[in-house]
Amino acid sequence: MIITKKREFKDLMENIKGYKSFFLIGCSECATLCGTGGEPELKSMKEVLEAEGKAVTGSFIAKTGCQVLGTKVELKPFKDAIDKAECIIVMSCGAGTQTAVELYEDKAVYPANDSLFLGNMTRLQFFDERCSLCGRCILDKTGGICPITACPKGILNGPCGGCKDGHCEISPDIKCAWVRIYERMKKLNKLQELCETTIEAKDWSAAQKPRTLIAREEKKK
Ligand code: SF4
Ligand code: SF4
């Protein structure tokens, strides 16, 4: 999931100071789980905007805010409320915000959240970064633990000399990614495989932005 956190309200207020009326869009997926774009957050945004003398013409929570066509269909019943608003505030990730930009080319659109990383919710409202979207996954070689993401240096054949008592020199709160990989491979009885594997210097061309994927073409291969 995409991990988001609320932007400073004063920064949003600075963005929208020239507008009086707003339509709010949240997202039922990641932003709801992050507590940045679900029902309670939209309700609270409406209240604080109204307290600032702004009008909220309506609000809506997209099923999946980054799904452009689906969101376009879902928003049809809100046409009048959106027409009445001078500006749209999107309470999802940056991709969801850009869905609104694409659907409403002539209307101002501002994000309420910062998009931080791709991660997992490991317990309630606690998120861990797990994947850096490198484009060529090496989890098959590392026991399913990503050193590009879990090691602050992204070391592909570790650990480095900074590993102390199994922890990372960057912070004692971080367990060394390569110690985790070693322990996992040991549990799987695959230490020999780990010892015999050298991960080659990464070809970052698959991470060149902006990236596009036509999944239906891939299916034909
Ligand atoms: S190797 Fe690349 S694709 Fe795989 S988890 Fe790590 S960053 Fe993500
Ligand atoms: S101690 Fe481990 S996690 Fe930290 S930088 Fe070195 S290899 Fe990476």
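Asn-189 is placed in the loop between helix 8 (177-187) and helix 9, where helices (H or I, at least four residues) and strands (E, at least two) are DSSP runs numbered from the N terminus. In this predicted model, local features need pLDDT of at least 70 and side-chain atom pairs count only at pLDDT 80 or more, whereas totals for chains, interfaces and linings use all residues. Residues are numbered from 1 along each chain as its sequence is written, chains are lettered from A and ligands numbered from 1 in the order in which they are written, and side-chain values use heavy atoms, with hydrogens and water left out.

Although Asn-189 is not a glycine, its phi is positive, at about 65°. Asn-189 is exposed, with a relative accessible area of 71%; buried denotes under 20% relative accessible area, exposed over 50%, and partly exposed the range in between (1.4 Å probe, protein chains only). A positive phi, near 50°, also occurs at Asp-165, a residue other than glycine. Asp-165 belongs to the loop between helix 7 and strand 8 and is exposed, its relative accessible area being 72%.

The loop between helix 7 (147-150) and strand 8 (167-168) also contains Pro-159, which is joined to Gly-158 by a cis peptide bond with omega of about 5°. A cis peptide bond likewise runs from Lys-209 to Pro-210, with omega near -5°. Pro-210 lies in the loop between helix 9 (191-196) and helix 10 (215-220).

For the chain as a whole, the secondary structure comprises 10 helices and nine strands. The chain is divided into domain 1 (2-116) and domain 2 (133-207), with bounds from an automatic or database domain assignment. The C-alpha centres of the two domains are separated by 38 Å. Strand 6 (residues 113-123) includes Arg-123, which is exposed at a relative accessible area of 53%.

Along the principal axes, the C-alpha atoms fill a box of roughly 65 × 45 × 25 Å. Of the 221 residues, 35% are buried. Among contacts (heavy atoms within 4.5 Å) between residues at least 6 apart in sequence, 60% join residues at least 24 apart.
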